[in-house]
Structure formats: structure tokens, C-alpha cells
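Visitor: I would like to learn how to read domains and helix packing. Please take me through one example.

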Amino acid sequence: MGRAHEVRAAAMAKTAAAKSKLYSRYGKELLIAAKAGVPDPEMNLGLKRKIAEAKANQVPADVIKRAIEKAKGGSGENYDSCRYEGFGPGAATIIIDCLTDNTNRSVSAVKTCFNKAHCKMGVAGCVSHSYDNVGLFNFPYEDEEGMLDTLIMAEVNVIDIESEEGNMTVTVDPTDFHKAKEAIDGIIPEVEYEACEITMLPQEYVTLESDEDKESWNRLLTMLDDCDDVQKVYHNVQSE
């Protein structure tokens, strides 16, 4: 019983830590988006998109509200965005987006992750050219034809629509993100999004074969996840 309690406590602590990290990352992104314009989502499309993304990731309303109120109060917190790219084992590639108040610290931390995982950090643009920047939505729905008609009527540049096992994935031109979301919200009232974001999708995926490659890759992802400055990680490794 004691051991079972320890396992449950450890699992709960891990979940709590993951949530805390997620809320902290979105807090930064919401603050930046709010400070980039008017701290009102109806007048700031970047903030509106970030709020939709936060809600899709189960970020509580009070975390969202605090970040916006902080921006309204003229918070002195400032973060710079920076992107790092590199190569993992096999044909693995990775893009790391950071928000930081100290770029020297963030580049040093990311470089350390690459080195310890025996991976290679590259120069700007070495990987991102093989990824597409898209607006991505995933939600419960099956009528591909009906959804396509709705998005076309809303003048959305649709890249792809795919429905599988009751879930639909829609990718659109990132500049049409808000039009697409409004169209989806209109056809599916109270839709619950599994994904609602602007993201980077690899043009080709790879699978790691050897245990050594898998171990190296997992080590890199784990260490990057532990970096406070790291906001988003995109890669082309397909899970088995």
C-alpha cells in the first residue's frame, strides 16, 4: 500500500509539474500577444488566436485573465523570441522556439541539450525549409464535404481536410486562421478542439529504428522540455 501511494503521489506530482510548466509557457505567450497590441482579443487578432490555443490546451481561464491583466497594468516583463534548429539521430530534424529574457542563457541551454543527447545544433534555416507553417485544427467531426464547403464559403485557403475515427483535422493557410476558426465555430456550436494553433508541420516524417537512436532522441526531447525558455518543439519523428 505504501509503495502504491508513492507511485500515485509521484504521478500526481509529475502531472502537476507538467501543468505548471504549460501554464507558465502560455502565460508568457499571452502576455507578449497582449502587449503587442491592445490587450483586448476583439481588437487584437494575435491575442485572440493565442487565447483559443490556450483554451484548446486546457489552460484555465484565470491563467489567461492574469496574463492579460498583467499586460494592461504595463508589466515590465519582456521576452524575445528566438528559434533554434538542428539534427537528431538518423534523419531526425527539430525546431525549437523559445521566449526568453536572456538570449545568451537560452542558446547555451539548448546547445547543452543537443550536446548531451549527442545531437547536432545547426544554423538558422537549416531545418525549417522542410517544414510548412500552417493553421491546424483537430476536433470531433466527420462530414469532410460539408466542412470543406463551409470553409470555402468563408474564403479560407484550405490546405487539407482529413477525417478519421470521428475526428477531423483541418490545415489552412496561417493567415486564414481566424476566418477558419469562426467558420468551424459556426457549423459546430460549442466545439471542443483537440488542437487549435498555428504550427510547423514537417513535409516528411521519419521513424527511428535502433534503440540507441530512440534513447538519444528521447533524451533530447526530455531535456528540452525541462528548459524554462523553450516554448514549442516541432520535429519529424513519427511515434510507433
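Visitor: Which domains does the domain assignment give for the chain?

Guide: Domain bounds come from an automatic or database domain assignment. Here the assignment gives domain 1 (3-73), domain 2 (80-129 + 203-235) and domain 3 (131-202). This is a predicted model, in which local features need pLDDT of at least 70 and side-chain atom pairs count only at pLDDT 80 or more, while totals for chains, interfaces and linings use all residues. Residues are numbered from 1 along each chain as its sequence is written, and side-chain values use heavy atoms, with hydrogens and water left out.

Visitor: What area is buried between domain 1 and domain 2?

Guide: Buried area is the accessible area (1.4 Å probe) that two parts lose on being put together, summed over both. Between domain 1 and domain 2 about 690 Å² is buried, and carbon and sulfur atoms give 33% of that area. K21, R25 and K28 supply 70% of the area that domain 1 buries against domain 2, more than any other three residues. Eight residues of domain 1 are in contact (heavy atoms within 4.5 Å) with ten residues of domain 2. The centres of the two domains, taken over C-alpha atoms, are separated by 23 Å.

Visitor: How are two packed helices described?

Guide: By the angle between their axes and the distance between the axes. Helices are DSSP runs (H or I, at least four residues), numbered from the N terminus. Axes are lines fitted to C-alpha atoms over the stretch in contact, and angles run from 0 to 180 degrees between N-to-C directions. The axes of α4 (residues 103-116) and α7 (residues 211-225) come within 9 Å and cross at roughly 160°. That makes α4 roughly antiparallel (over 145 degrees) to α7.

Visitor: Which residues make the contact of α4 with α7?

Guide: V110, C113, F114 and K116 of α4 meet R219, L220, M223 and L224 of α7.

Visitor: At what angle do α2 and α6 pack?

Guide: Helix α2 (residues 45-56) and helix α6 (residues 177-187) pack at about 50°, with axes 11 Å apart.

Definitions and conventions:
Helix = DSSP H or I, 4+ residues; strand = E, 2+ residues; numbered from the N terminus. Parallel < 35°, antiparallel > 145°, perpendicular 65-115°, else oblique.
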